[in-house]
Amino acid sequence: MNSAPSTEQVYQGVYAFYNNSNILEQQKASQWLSELQKSVYSWKIADELLQQKRDLHSCYFAAQTIRSKIQTSFHELPASAHESLRDSLMSYISQITVETDPVIVTQLCLAVSDLCLLMSTWRNPVVTLMERFSTTPENVWPLLVILTLIPEEINSRYLRLGSNRRDEIHRDLKKNSQTVLKFLLACLQTGGHDLSTQMRVIKCFTSWLSVHAIELCDITDNVIVGLCFRLLHSQETCVQMHEVAADFVCTLLQCFEVCKSVPVLEGQVFNGVMALEEPYNMSVAQEAIDKTVNFCRIFTVLAESFLERMLEESSLTGQPHYSIKALDLVLNCVGHYDYEVAEITFNLWFRLRLIEEGDLFLDFRRKVAELTKDVVFIVGSSNCFKQMFFSLQDPAVTWESSEAALFLMSTIAKNILPEENEVVPKVVEAILNLPANTHIAVRYTSVLLLGELCEWIECHPESLQAVLNFLLHSLQQKSGLPSAAAAALQSICSACRGHMTCHVSGLLQIANSLDSFEISNESVIGLLKGICIILSRLPSEEMTKATKEICGIQLTPLCQLLECDVKPERGKRSDPVFWIDRLAAILRHSNPNVREDEIHPMLSVLEEIWPVMSSVFVKYQADLRIMERTCRFIRYAIRCVGKQATPILEPLVKQMVHLYALYQHTCFLYLGSILVDEFAKNTSCTKGLLDMLQAFIEPTFQLLQVENGLRDHPDTVDDFFRLCSRYLQRSPLEFLQSPMITSIIQCALLACSLDHHDANISVMKFFCNLLHCGRDGESEAMRLLTYDIVAANGEALMMNLIHASVFCLQSHRLSDVADVMVELKALDGEKFSIFLQSALNALPKKNSGGCITMTETQLKESHQIITGSETQKAVSHALKDFVKLYR
């Protein structure tokens with residue numbers, strides 16, 4: 001936006017966005033308003049709209065704009081404008097009434113709270129706000145919201161306050177905590193019967209408690225604490241208020257993990273939570289699931305908060321800690337009929353495992369399986385397996401209980417010693433002789449259990465024939481059994497490969513009948529994997545013949561698709577990927593032992609398949625998905641056959657280069673890295689592979705050099721620099737001597753700041769591999785070339801690494817930056833120190849709010865710590881500590 005629009009234009013844009021029934025006009029207005037918000041003119045326009053207060057929508061847009069600008073574009077304002085912005089916002093807050101829309105109030109309060117944090121010249125903002133607004137009843141509402149938001153926004157990733165400013169704010173909050181506590185109590189006294197006021201007071205208290213601004217010793221016998229427990233006890237409490245009170249109690253309990261020196265308060269809160277057992281039972285009886293979840297959260301956090309003390313007390317004195325009673329509350333929740341309630345407790349049972357949330361029953365079962373595997377060592381796998389088997393013997397057992405027991409048995413079956421002869425033989429016999437009228441769910445889980453017992457079956461080959469017959473019968477059934485049988489058969493082929501070669505004819509019959517079974521293509525691929533594992537143990541000629549047979553079954557329909565004009569339907573038989581994925585599985589899992597002087601048994605298979613795949617490249621060249629899967633097949637084929645695949649190398653590279661120039665499919669870059677890995681050490685192939693890279697460079701750089709090209713094409717960045725790394729690993733001297741190296745390094749320097757997981761890793765690994773070429777032990781020519789590259793680009797590299805670490809990359813990516821720094825330091829420690837000093841000196845010493853981000857002392861300390869760190873881990877920790885100064 002080159003010039004400021006008039007306020008009337010903005011009103012028209014807001015009106016069109018909210019009221020125009022034409023979707024295209026709405027989208028046009030949305031884009032225009034978005035551009036306006038990004039422009040520097042939006043500061044003044046938002047201020048004018050808020051002053052005029054013409055309508056709800058324009059006020060909301062203005063409030064949201066001013067909040068967004070403070071969060072993300074505060075640097076646009078000169079320091080001289082900060083006070084006027086603060087005064088304007090304070091004025092808008094003072095005009096809030098009970099009729100003001102809550103959304104607008106929230107946006108304005110967020111703007112004020114963020115300004116408090118960013119504006120370092122605003123001293124004691126909490127005191128200023130309370131003096132201005134605490135005495136006027138209409139302003140208590142926004143004041144409570146602002147006081148709640150200030151602690152919550154301290155760690156906002158948008159504000160990037162830096163550790164110095166955060167420390168300063170924490171000190172101010174602690175200094176003002178008593179004043180805030182008195183204010184909160186006063187709010188309850190004057191408006192304590194108003195539910196909205198109660199809710200805001202509790203939220204504010206929770207917020208200050210969560211950042212440890214309030215000392216726990218100051219809230220013994222606190223009125224607000226008592227109010228929260230009364231609200232949790234009362235059946236009349238609404239769900240929203242119940243959740244707010246539960247949040248407060250959970251936050252308070254979490255504080256006990258950090259501060260363990262408040263026994264009186266601990267005792268009060270612990271007893272208060274234990275007294276919630278009856279309200280929990282009542283919520284279950286009344287099917288008030290939201291309240292039940294809140295209680296379960298409280299009980300779980302209580303047990304987690306005291307977990308260390310439970311273990312310490314038990315190990316030191318042999319006596320249980322009083323808090324062990326909390327586990328009874330949690331166990332009560334585990335028995336709830338809704339599995340989502342039990343799921344809340346998982347983190348307690350295994351604190352070191354972080355389990356993602358989910359709402360599907362299958363996902364819940366997966367988590368139960370993982371948890372069972374993690375904790376079964378406590379009681380022993382065999383004991384657990386036996387107990388489940390004994391429960392199946394009960395004549396009154398229901399099919400649901402039987403299936404659940406079998407499921408738990410399947411999760412620990414691989415932990416059972418293969419030599420076990422007491423229970424497992426009975427289990428296997430029982431499964432093989434299941435009555436025909438057995439519930440389908442029990443049959444399904446029984447089949448899966450057989451697959452999990454594959455290692456036991458491998459040690460008891462006498463049972464193998466009966467198991468295979470049972471699984472083949474199950475493959476021919478309906479109602480989901482075939483998919484379970486396919487999974488079990490795959491597991492048994494993998495585990496029992498030494499006993500399966502005599503069953504090859506039966507496996508080939510299965511391969512010929514795959515499309516007659518009611519199984520997904522994924523299950524078919526699993527079966528092909530198992531079959532190929534067995535075929536790999538055959539003599540070469542037999543393996544070649546058998547593999548050609550099962551490949552032919554997939555090639556026939558694929559060739560038919562190539563000959564006719566059928567539109568691919570994803571996941572259907574008209575989709576080439578349907579057949580290509582099967583072929584990929586066959587080549588991927590065919591791993592025979594081949595001597596150096598022996599022709600690979602899969603070479604002739606590949607030579608038969610390659611013309612078909614070449615035709616796929618031609619016919620479906622514009623379809624990225626099909627190209628990716630075809631490249632995936634070629635990748636597995638090259639990995640399978642290895643250097644003996646040279647006959648297809650030249651035609652393959654020519655086709656890849658041609659198609660990449662047309663469509664820039666990144667899968668060709670990735671496939672190129674596989675070819676370099678396999679063939680670059682072959683001197684007859686080196687020049688051709690470097691020519692391939694030269695051909696890839698022009699279309700790649702055209703894609704990346706446009707505005708936001710790196711950001712918009714992270715997959716290209718990832719695969720391109722993975723390809724370059726392969727050259728450095730397999731043919732480094734030729735790569736470093738090529739004229740391409742300078743432009744590649746310049747591109748890599750720009751890509752350092754790309755905050756994309758795979759792309760950033762590839763760029764950093766490229767630099768690591770590049771710098772490693774200069775290490776002692778490498779050839780003199782390579783070392784000299786590497787030193788020249790560092791002399792020309794080392795300072796820029798360090799500048800970009802530090803800038804990216806501070807302003808662009810998330811903290812978990814800094815370990816990859818540390819890898820590069822360690823390599824650079826190992827190459828030339830003196831230059832590393834100089835480069836680092838220059839990079840640190842180039843960083844801003846103050847942020848846009850005028851706060852000091854890094855003092856001279858901190859700069860020197862950071863330099864000393866990073867240069868003094870000897871390992872990647874130490875450098876990574878030093879970097880993470882350093883960037884906190886700017887975040």
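Predicted model: local features only at pLDDT ≥ 70, side-chain atom pairs only at ≥ 80, totals over all residues.

Student: How many helices and strands are in the protein chain?
Tutor: There are 47 helices and zero strands, counted as DSSP runs (H or I, at least four residues, for helices; E, at least two, for strands) numbered from the N terminus.

Student: And what share of the residues is buried?
Tutor: 52% of the 887 residues, where buried means under 20% relative accessible area with a 1.4 Å probe, protein chains only.

Student: Which feature does UniProt place at residues 29-95?
Tutor: The unreviewed entry gives "domain: Importin N-terminal" there. That stretch is 76% helix and 0% strand, with its end C-alpha atoms 29 Å apart.

Student: Switching topic, how much space lies in the largest pocket?
Tutor: About 760 Å³. A pocket here is an open set of points on a 1 Å grid where a 1.4 Å probe fits, with protein on both sides within 12 Å along at least five of seven lines; lining residues have an atom within 4 Å of a point.

Student: Which residues are closest to its centre?
Tutor: Of the 28 lining residues, Arg-157, Tyr-158, Leu-159, Arg-160 and Phe-807.

Student: Which helix gives the largest share of the lining?
Tutor: Helix 4 (residues 56-72), with three residues.

Methods:
Residues numbered from 1 in each chain as written. Heavy atoms only, no water. Points joined across faces, edges and corners; volume = space filled by probe spheres on them. Buried < 20%, exposed > 50% of the residue type's maximum accessible area, 1.4 Å probe, protein only. UniProt positions renumbered as here; feature names shortened; annotations may be inferred.
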